[in-house]
Amino acid sequence: MNLDSFIDWILLPLIKIGILFGLLSLVIAYLTLLERKIIAFMQVRLGPMRVGPHGLLQPIADGIKLMLKEDIVPSRADKIVFTLAPVITLIPAFIVFAVIPFGPRSIHIPGFTIPGLNVQVAERTTGFFITDLNIGLLYVLAVSSIGILGIILGGWASNSKYPLLGALRSAAQMVSYEVALGFSIMGVLMMAGTLSLVEIVNAQKNAGAWYVFLQPVGFILFFICGVAETNRAPFDLPEAESELVAGFHTEYSGFRFSLFFLAEYAAMIVVSSMAVTLFWGGWLRPFPNIAALGFLGLVPGFLWFALKVLVFLYFYLWFRASWPRYRYDQLMKIGWQVLMPIAIANVIVTAVLVLWLGGSR
Amino acid sequence: MLETTLFYIFSFVAIVSAILVITQRNVVHSAIFLAATLLAVAGIFLTLHAEFLAGVQVIVYVGGILVLFVFVIMLIALNRTEVERQFNRQWTLAAITAAVLVAEFAYVIFRGKETFPLPSATAAAPAIAVTGNSQLVGVSLYTNYLLPFEIASILLLVAIVGAVVLSKKKTAED
Amino acid sequence: MNIPPVNISSILPAAVLSIVGIAVMVAEPFVDRSKKTLLGWLALAGVMAAMLAIYPMSENRGQWYSNLWIVDDYNIFFHVIFLLIAGITILTSLDFLEREEINHPEFYSLLLFATAGMLMMSGANELIMVFIGLEVLSIATYVLAGFRRTDLKSNESALKYFLLGSFSSAFFLYGVALVFGATGSTNLIEIAEALRSSSLQITLVYLAAALMLIALCFKVAVAPFHIWTPDVYEGAPTPVTGFMSVGPKAAGFAVFIRVFMTAFPQIQDRWISIIWMVAALTMILGNVIAVSQTNIKRMLAYSSIAHAGYIAVAFASGSRRGVSAALFYMLAYALTNLGAFAVVTILSRSEDKLTNISDYAGLAAKRPGLAALLTIFLLSLAGIPGTAGFSGKFFIFRSSVESGLLSLTVIGVITTVVSFYYYLYIVVQMYMREPGEEFSDLRVPASLKIALLIAAIGTLYLGLLPTRVLDWSTTAALTALR
């Protein structure tokens, strides 16, 4: 393996993974604070105020608390599976980020010579993403579907009633909504003609319109199903506090619990990022053809991306503050009898239109 | 070289976990090892540059079928299966038969290994990389394999209808 | 992108069956509960429409859909057999489903889909197509076998059939994978061409062919892969048993002959010897064990194993005559056996309970018509001259003698003589024993009368005037041996 391919395939990705991991942990930590603050404001409270100015150090305090808490394993639990479950949930939630394009392929690294060794390093361009897979979209769906297993196994391994019920609900819910989720993306796929997420964003650039304007139904379906897939309100039946105590993670405490927690928030960010990438133009800035707004182009792509993701994360919190939880039968009914038919109709209409208008390809 | 190593690692994982799937007494543990097997097979697909297949393998098998397996497992009384006497008593005989079969297969495959018309790896791989694996699968499904593709929809319909017929609740009509 | 031409006419019968199958399910909620039988008649109309659709299909001979689908006389011959089987089975089930209070129209849908699967198998020119057709057939049949859901025996039947059937499907797929590895193709003709080129080592193909042979032997229920048959046949609803004993068997042989004759002629000497052994073992085991059965469904199960053995004899002769005799025999056996099962359906009465041979005692005195019909069918199964079974066996043994399979022919003739015992035993029960049962509650509705009529006329026609059908089956066999 020569130096260039070492840099391309090992060094650069490792650096990016390091940066991404650090950033992500930070974002998740402050997302929890944001959640408490926003919900507090919506309910005319102040939220955390004690730790640091306006409670800004609260996430760090929470983190330390979780680390230091006693780690309890129920005596009749299946210990191996009990330990494995949070890990199974966490890993997919994080590795999904490998394909999400936070910005365009525009990082320029000039060529240079390593002093002393007299080795020439070629000039290269890289992007604000770890890798650009040709099956990117499929990869996201595949990897995030593994996470469900962790939740189910965690609920089962606790050997306790509420977690088991939570796990069962979770399995049924995830499987039901995954189908509609897959269908909702199909419209985008047909228009972009590719599974690579970077190419999908580029296709939106070339089409001159973000897909949310061409695929409004698809977007709404995608976001509803995405919220359901992440077990967030109003689809938070697997962990319904009022009926199931805390659902699948009732018996989890301390560090293991924090893994589930991390995974849930990471999944929220994934769904928001996917919504942005597929429907809201990814890193693209709004109004590219209005000359008066040309100054918007000065803002780098990844900031646009972050901004858009933030909007969707805000939606998540907003939902939680305003909507009650669905009942189980309502949940199933919506998934199979409302979302599925609409999603299939959307696929058919889109296919006909793409064929008829010659497609945007 | 790298791909060969990866292939051996994935195959090893796949085979070992497949054996564990059938030897574990606890059904949930079997399910976990089944997940490992399926993921390892997806890995093998990746080393063969069949990315689309790998993705679909994970979505359909791990994300769909296995989750349903586990779902069903939780609804049955697990502790009974652990104490219940299993009726696979003839395992010595089965082991001998399996060993003979393995030897037979190994011999035939060893004898016939030149038969596989392996294209030189350098020749075939770039062509696929350019057009994209998913497109190739799609094109061949909708052109050459159109008819089996359509019949497969009947196959799935039959499976759905069959499952519903066998499992639907007793109505007043029955 | 190069899209191959779509020729609907060439697959019209299967398409008609699939569409009617879906239509039956769609129409179900709109039909009054007491009139569900109407949907059975709709399904029957579908089968008849498919029968008519054979004509446009036969106008489109040749290979279609990227050479995956072939329309030739062989395929058309099997289309006729399969559609006849489906039609008679529907006629037998109409009253049965009502009587057993399992009148769910899904039954007809599944039956139509199973038939469509069989049609796909007989016309498949490619192993993937064969496999998908096989699975459509198998899955539909598993469900049909367990259609009496509240009955433990029916559940047992479905479960056993499902487990072993899945194993055999896996064997078939392994075989397909190895063939693809060895020859780089799943198209039968391309496989044969690849095998002709001397550069190929043939060892892998032996293994592949062996695996596929195991799978197909299971599907057609020949020894030593017949163990599942009696339990499955006994537990399944009687009309379904009739269907299973002829439909999947004929479809299995259709594939068996097509695949081995087209793709593996180069290694014919190897697989012929295996089929020789299979045929001998099947005829001996099937006929000898059938003697000791007391349940008529189990007896007919073993008899169906034995008959698969006779067809295997024809196949083992490996000649045009042999294939032609096999085709003829399948038609003859299908008509005869469906007739026999129609009578068994009538006599089994509610709960499908009265299926012991002793229950038939004295039938002739009370219901002479039914007894006479069953006698015709049993004599045909035994192979008494003047019936379809005799002509079939005659052609088979003629072809095997011509191919020099003398010892196999001797085994066949001896076991046929053994089979006289258990077929005639029922006739003796019917005619020479005092009635132990009350037969006055027997219902013979119009649908069953039609089924019995078709089966009886067919049996006698093939027995007395076999030449026209034989000529046709010979043409069909010619196209299978390219």
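This is a predicted model: local features need pLDDT of at least 70, side-chain atom pairs count only at pLDDT 80 or more; totals for chains, interfaces and linings use all residues.
# A guided visit to three chains

Visitor: How far apart are the nearest C-alpha atoms of chain A and chain C?
Guide: Two residues are in contact if their C-beta atoms lie within 7 Å. Chains A and C do not touch, and their nearest C-alpha atoms are apart by 15 Å.

Visitor: Which helix of chain C gives the most to the side that touches chain B?
Guide: On this side, 39 residues of chain C are in contact with 26 residues of chain B. Five helices of chain C, namely α1 (12-27), α4 (106-123), α5 (127-145), α6 (152-183) and α8 (203-220), each supply at least two residues. With 10 residues, the one that gives the most is α5(C).

Visitor: How many residues of α5(C) are buried?
Guide: Let us stay with this helix for a moment. α5(C) has 19 residues and reaches 26 Å from its first C-alpha to its last, close to the 27 Å expected at 1.5 Å a residue. A residue counts as buried if 20 or more other C-beta atoms lie within 10 Å of its own. The helix is largely enclosed by the rest of the structure, because the buried residues are 19 of the 19.

Visitor: Which helix gives the largest share of the side of chain B that touches chain A?
Guide: Here 20 residues of chain B are in contact with 23 residues of chain A. The elements of chain B that give two or more residues to this side are α2 (27-47), α3 (51-75) and α7 (133-142). By class, the side has 13 nonpolar residues, six polar and one charged. The largest share, 14 residues, comes from α3(B).

Visitor: Is B:E51 buried or exposed?
Guide: B:E51 lies in helix α3 of chain B. Leaving aside neighbours within four places in sequence, B:E51 is in contact with A:N134, A:I135, B:L46 and B:N133. It has 24 other C-beta atoms within 10 Å, so B:E51 is buried.

Visitor: How far apart in space are B:E51 and B:W91?
Guide: In sequence, B:E51 and B:W91 are 40 residues apart. Taken from C-alpha to C-alpha, their distance in space is 39 Å.

Visitor: How many helices are there in chain B?
Guide: Chain B has 174 residues, and buried residues make up 22% of them. From the N terminus on, its elements run α-α-α-α-α-α-α-α. There are zero strands in chain B, and the helices number eight.

Visitor: What distance separates the centres of domain 1 and domain 2 of chain B?
Guide: The domain assignment of chain B gives domain 1 as 1-84 and domain 2 as 132-167. Taken over C-alpha atoms, the centres of these two domains are separated by 23 Å.

Visitor: Are α4(A) and α5(A) roughly parallel or roughly antiparallel?
Guide: Helix α4 (residues 136-157) and helix α5 (residues 161-192) of chain A pack with their axes 8 Å apart, at an angle of about 170°. Angles over 145 degrees count as roughly antiparallel. That angle therefore makes α4(A) and α5(A) roughly antiparallel.

Visitor: Which residues does the cis peptide bond in chain C join?
Guide: Look at the loop between α8 and α9 (228-235) of chain C, where C:P224 lies. Omega is about 0° at this cis peptide bond, which joins C:A223 and C:P224.

Visitor: Is C:E101 buried or exposed?
Guide: C:E101 is in the loop between α3 (73-99) and α4 of chain C. Although not a glycine, C:E101 has a positive phi of about 55°. With 12 other C-beta atoms within 10 Å, C:E101 is exposed.

Visitor: How many C-beta neighbours does C:S66 have inside 10 Å?
Guide: C:S66 lies in the loop between β1 (62-64) and β2 (69-71) of chain C. It is not a glycine, yet C:S66 has a positive phi of about 50°. C:S66 counts as partly exposed because its C-beta neighbours inside 10 Å number 18.

Conventions: Residues are numbered from 1 along each chain as its sequence is written. Chains are lettered from A and ligands numbered from 1 in the order in which they are written. Helices (H or I, at least four residues) and strands (E, at least two) are DSSP runs, numbered from the N terminus. Ala, Val, Leu, Ile, Met, Phe, Trp, Tyr, Cys and Pro count as nonpolar, Asp, Glu, Lys and Arg as charged, and the others, Gly among them, as polar. Axes are lines fitted to C-alpha atoms, for helices over the stretch in contact, and angles run from 0 to 180 degrees between N-to-C directions. Angles under 35 degrees count as roughly parallel, over 145 as roughly antiparallel, 65 to 115 as roughly perpendicular and the rest as oblique. Domain bounds come from an automatic or database domain assignment. The expected span of a helix is 1.5 Å times one less than its number of residues.
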